[in-house]
Amino acid sequence: MSLILKPKESALQKPHLNLAVIGHVDHGKSTLVGHLLVVTGYVDEKGFKELEEQAKKMGKEDFVYAWVTDRLKEERERGVTIEAMHVGFETSKYFITIIDLPGHRDFVKNMIVGASQADAAMLVVSARPGEFETGIGPQGQTREHLFLAATLGIRQIIVAVNKMDVVNYDQKRYEQIKAEISKFMKLLGYDPSKIPFIPVSALKGDNIKEKSSNMPWYNGPTLLEALDALQPPPRPVDKPFRLPIQDVYTVTGAGTVVVGRIETGVLKVGDRVVVMPPAKVGDVRSIETHHMKLEQAQPGDNIGINVRGIEKEDVKRGDVMGHLANPPTVAEEIVARVAVLWHPTAIGPGYTPVLHVHTATVPAQIIEIIARLDPRTGQTVEQKPQFIKQGDVAVVRLKPLKDVVVEKYSDFPGLGRFALRDMGRTIAAGQIIEIKPKKVEIKA
């Protein structure tokens, strides 16, 4: 029996938002997501009661909401349907898909792929003494995730100051955390006065759906109200069609099914499409989402496309589908603005980390450092520096060592922002400014 209920028909009629849940490990992301799913009616009541009893027996009542999200993760790992990508809940205004459930050891890597699809982020910060300080410290993920969200272009953020029950709903602690995070967010170009900081208890439910009587001093929105106040993302339907591929399946009786989320443009049944870099051409036989057939799909839609003329072994995760009349760009070289998040020494020409862009991962070599910039103003501070280090922002020339589709950030944000990883860490994140395209022959 599935613990998580399917989206209701009503949910699919609402505008759809993708929400990245970010924050340091153990700050309560899973518990908060679990509680949101329960209060918005996306968890089977009978299943939840069983979980509660199990938790009581084991003396782990504190874990019950986190178990909801764990169960979900298991279900997602077992399931291969398109639906597996949709764990979501409904607010009065939106259907919200939660991207990449928290708690992965490899969370940052997944978050890069996930956050490049996010319309907004919810940063979960623990108020517990010591935990907040670790997260915001130089090695902390609170800091790293915020930095990534900013570099990846997520402008809408909600900050949930969690575990207020642990600090006896102390207003002073809340104000202190708000001040420290605001200071850091200002450096990243956010305006903290426009960002809701909501004191919550993921465990007890304070300020999630209803205003908490434990914090009469707080007069802002509840978490659900803040989610409803988010702005819907622009849906660039007038741009050329681009869909980064997440998975490819062979479905008995149907043939090849390509799964992904449309970044830009519109796809219709009957369209001629090309998948780059392999330059494979096919025809769209059918499109579906949540097992519902669609005649056409647009940006933001997570879809499965049944394609005639393309075999499963022809294409893979990381390839990008476009219309034959306007194929996606394969890059010979890339000029990008990058921010160095972490590096033990210094980065110079010849350095070859792994480039993570949309759903693709390829090794890429830095062949030139063009300029070092002032992180706050974007002005050039030094031309052609010999190396860059942690904390620097620079313009660099990169050469992908395998074929990869990328686009300029200004044209296609979802295909123009990326991260560089090495040694199991995110080294830098950035945006593509220019591309030298590679000539690829398409046999239509």
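## Lys204 and Asp165

The model is predicted. In it, Lys204 and Asp165 join their side chains in a salt bridge, with 3.9 Å from N to O. Lys204 belongs to the loop between β6 (197-199) and α9 (223-228), and Asp165 to the loop between β5 (157-162) and α8 (171-187), so this contact ties together parts that are 39 residues apart in sequence.

The two partners sit in unlike surroundings. Lys204 has a relative accessible area of 54% and is therefore exposed, the cut-off being over 50%. Asp165 is at 18% relative accessibility, so Asp165 counts as buried, for which the limit is under 20%.

## Other salt bridges

The structure has 18 salt bridges in total. One of them joins Glu90 to Lys14, where the closest N and O atoms are 2.9 Å apart. This pair links distant parts of the chain, 76 residues apart: Glu90 is in strand β2 (residues 88-90), while Lys14 is in the loop between α1 (9-13) and β1 (16-22). Glu90 counts as buried because its relative accessibility is 13%. Lys14 is at 22% relative accessibility and so counts as partly exposed.

Another salt bridge is formed by Glu407 and Arg242, again with the closest N and O atoms 2.9 Å apart. Since Glu407 lies in the loop between β20 (393-400) and α10 (413-416) and Arg242 lies in strand β7 (residues 242-251), the pair ties together parts that are 165 residues apart in sequence. Which side of the burial cut-off do Glu407 and Arg242 fall on, buried or exposed? Glu407 is buried, at 5% relative accessibility, and Arg242 is buried too, with a relative accessible area of 2%.

Salt bridges also connect Glu333, Glu368, Lys384 and Arg397 into a network. In general, side chains of opposite charge can pair when their charged atoms come close.

Tyr174 is in helix α8 and Tyr218 is in the loop between β6 and α9, so the contact ties together parts that are 44 residues apart in sequence. Both tyrosines, Tyr174 and Tyr218, are buried. Together with Trp217, Tyr174 and Tyr218 make up one aromatic cluster.

## Charges over rings

Two arginines are placed over aromatic rings. Arg143 lies over the face of Phe184, 4.6 Å from the ring centre. Arg155 has its charged end over the ring of Tyr190, at 4.3 Å from the centre of that ring.

## Helix α2

How many residues of helix α2 (residues 29-39) are buried? Nine of the 11 are, so the helix is mostly covered under the 20% limit for burial. The buried residues of α2 are Lys29, Ser30, Thr31, Leu32, Val33, Gly34, His35, Leu36 and Leu37. Just after α2, Gly41 adopts a positive phi of about 80°.

How values were computed:
Residues numbered from 1 in each chain as written. Predicted model: local features only at pLDDT ≥ 70, side-chain atom pairs only at ≥ 80, totals over all residues. Heavy atoms only, no water. Salt bridge = Lys/Arg side-chain N within 4 Å of Asp/Glu carboxyl O. Helix = DSSP H or I, 4+ residues; strand = E, 2+ residues; numbered from the N terminus. Buried < 20%, exposed > 50% of the residue type's maximum accessible area, 1.4 Å probe, protein only. Phe/Tyr/Trp six-rings, centres within 6.5 Å; stacked < 30°, edge-to-face > 60°. Lys NZ or Arg CZ within 6 Å of the ring centre and 35° of its normal.
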